[in-house]
Amino acid sequence: MSDDTRDTQHKRPGGLFSFLSKSRATKPGEIYGVPGQGETLWLSLGSIAVLLFVWWLVTAMGWVKPLFVPSPGAIVQKFVDVWQNGFTNTAFHQHIWVSTARVFGAFVLACAVGIPLGIAMGMSPAIRGIFDPPIEFYRPIPPLAYLPLMIIWFGIGETSKVLLIFLSVFAPVALGARAGVRSAAIEQIHAAYSFGASRWQVMLHVILPAALPEILTAMRIGIGFGWTTLVAAEMVAATEGLGYMVLSASQFLQTSTVIMGIIVIAAIAYTFDLLMRWVERRVVPWKGRM
Amino acid sequence: MGLKIDDASVVYPAADGRPPVAALQGIDLSIENDDFVVALGASGCGKSTLLNLVAGFLSPTSGQILLDGRPVQGPGADRSVVFQKHALLPWLNVMDNVAFGLKLQGVAGKARYEIAGKFITLLGLDGFQQSPVYKLSGGMQQRVGIARALTCDPKVLLMDEPLGALDALTREKAQELILNIWNETHKSVFFITHSVEEALFMGTKLIVMSPRPGRIAHRFDLPFSRRFLAGESARHVKASPEFIQLREEVLEIIFADEEAVE
Ligand SMILES: Nc1ncnc2c1ncn2[C@@H]1O[C@H](COP(=O)(O)OP(=O)(O)OP(=O)(O)O)[C@@H](O)[C@H]1O
Ligand SMILES: [Mg+2]
């Protein structure tokens with residue numbers, strides 16, 4: 001009896017807003033007071049399960065027409081169907097491959113140009129002065145707005161598609177790399193100089209490694225923008241690709257294909273994000289530790 | 001020869017509506033080879049500014065700094081700095097942090113690690129060669145910083161409160177360690193501390209600085225570190241009547257300065 005009441009006093013529920021109350025002592029191996037620390041896997045799985053259940057319930061009870069929201073089962077069926085028979089005479093893996101190649105091709109290009117440029121902008125006021133206006137100017141414009149220009153300038157081929165995705169990835173990657181240059185502590189930089197380092201060595205051995213966490217984060221954000229732009233890029237004269245599949249299915253009101261395509265895009269993007277997080281843990285285990 | 005600071009002044013320009021700060025005014029100081037100069041003084045009296053001046057991170061508003069007769073133009077490998085904090089590289093392990101200066105100077109891998117290993121042993125970090133630095137305690141990190149500064153065999157060793165973060169016992173051991181290293185290598189040392197006892201024990205020369213404008217208010221020649229190096233025990237030196245008398249004298253000066261400012 002008395003044991004019971006003591007227990008409830010000591011156990012504070014880890015509710016949604018527990019982060020606003022006073023933090024409890026941590027287990028050995030954890031650090032006290034790190035914001036947002038804690039395991040989220042089960043909550044996330046639960047959240048997905050609830051969403052799926054609501055979706056299933058709404059369709060199974062017939063509350064909405066399948067034309068608007070097809071049942072989860074119909075999506076799975078559609079997936080199997082397209083997997084076996086392809087979509088518009090093109091094999092499913094071909095659609096996936098074409099879209100992935102466009103997004104990753106643009107992503108690799110954007111990183112290859114954006115990261116060095118961002119670092120240069122962080123290091124040199126001259127380069128920052130030159131490139132800051134154009135990047136800041138185009139960055140907030142929605143890709144759909146300059147899509148017509150891309151088509152007029154570069155035609156309806158692969159170039160304008162990849163370029164559109166490239167542009168959406170480029171700005172966040174370049175700006176992230178530029179901000180990352182400021183990560184090194186001034187003492188670290190001074191230490192290198194007092195060993196007689198040249199500016200180039202300081203950049204290579206201090207500023208770049210210190211910027212790595214922010215560059216990796218910027219790459220994660222950048223590829224997200226890439227997938228966001230995929231459908232816009234495949235609006236024009238495409239005959240293959242996941243974006244094309246979603247768009248043309250929507251014209252024929254094949255809602256289940258649309259939703260299936262969306263889920264496939266999300267799944268690929270999410271898998272890559274998990275991969276990047278894994279890389280992050282391996283490459284910069286010291287992130288935020290010093 | 002050695003290091004010579006000649007009538008150096010530093011004025012930080014006005015910023016954010018605050019008036020300009022005369023951080024240093026008319027500093028004259030020479031640090032001969034073999035000198036161990038300790039700077040004491042209230043917070044904000046310009047000790048770090050003086051160290052930055054010697055390190056070459058800052059150029060004086062007027063006056064000049066000469067090293068072996070040549071004016072100091074910027075940082076260089078002949079002057080190594082041990083920082084108070086934040087100066088290790090978390091992406092390198094202990095070994096690579098200590099060997100960092102040698103790497104920058106183009107020393108090849110094997111020779112580099114040999115030298116670094118020697119200083120790791122000297123500072124009692126054996127067994128931690130491969131540890132990431134962010135997993136070390138504050139005192140151990142500080143020792144990594146000292147080892148790193150020593151590897152490149154600088155003429156002048158500049159230390160800004162290097163032992164401030166250490167516990168009493170580790171601190172006394174580190175003091176003895178630094179004195180022994182100084183005795184063996186005959187480097188010039190410029191050492192900033194907030195501890196009067198540490199200052200008296202370590203230095204051959206003591207400068208006591210006063211704030212606003214930052215200047216050298218008093219100078220003392222100190223015999224205590226030589227007594228320690230001649231074989232007397234550290235505690236014995238620190239407990240001797242001469243030591244205690246000078247300690248009280250210096251404390252009185254610093255307190256008087258603080259009151260005069262307030
Ligand atoms: N970058 C700067 N810009 C403007 N004023 C500065 C700057 N750096 C230091 N100062 C001022 O110069 C004076 C001396 O600073 P300094 O850091 O040299 O003091 P210190 O003796 O090292 O103090 P502490 O013992 O607290 O480290 C202080 O009044 C400080 O406010
Ligand atoms: Mg200071």
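Student: Which element gives the largest share of the shell around ligand 1?
Tutor: This is a predicted model, in which local features need pLDDT of at least 70, side-chain atom pairs count only at pLDDT 80 or more, and totals for chains, interfaces and linings use all residues, while side-chain values rest on heavy atoms, with hydrogens and water left out. Residues are numbered from 1 along each chain as its sequence is written, and chains are lettered from A and ligands numbered from 1 in the order in which they are written. Elements are DSSP runs numbered from the N terminus, helices being H or I with at least four residues and strands E with at least two. By that scheme, the largest share of the shell, three residues, comes from α1(B).

Student: How many residues of the shell around ligand 1 are nonpolar, polar and charged?
Tutor: A residue counts as near if one of its heavy atoms lies within 4 Å, and the residues surrounding ligand 1 include B:Tyr12, B:Val21, B:Lys47, B:Glu161 and B:His194. Ala, Val, Leu, Ile, Met, Phe, Trp, Tyr, Cys and Pro are taken as nonpolar, Asp, Glu, Lys and Arg as charged, and the others, Gly among them, as polar. The shell then divides into four nonpolar, six polar and two charged.

Student: At what distance does a polar side-chain atom of B:Ser43 lie from an oxygen atom of ligand 1?
Tutor: A polar contact is a pair of N or O atoms within 3.5 Å; within protein, one must be able to donate a hydrogen and the other to accept it, and residues adjacent in sequence count only if both atoms are side-chain atoms. A polar backbone atom of B:Gly44 is 2.9 Å from a ligand oxygen, and an N or O atom in the side chain of B:Ser48 is 2.7 Å from one. For the side chain of B:Ser43, the distance is 2.5 Å.

Student: Which three residues of chain B lose the most area to chain A?
Tutor: With contact meaning heavy atoms within 4.5 Å, the interface takes 27 residues from chain B and 20 residues from chain A. Buried area, the accessible area (1.4 Å probe) that two parts lose on being put together, summed over both, is about 2100 Å² here, with carbon and sulfur atoms giving 71%. Together making up 35% of what the side of chain B buries, the three residues are B:Trp91, B:Leu104 and B:Tyr134.

Student: Which element gives the most to the side of chain B that touches chain A?
Tutor: Across this interface there are three residue pairs in polar contact, both residues at pLDDT 80 or more. The elements of chain B giving two or more residues to that side are β6 (79–82), α3 (100–104) and α5 (138–151). With four residues, the one that gives the most is α3(B).
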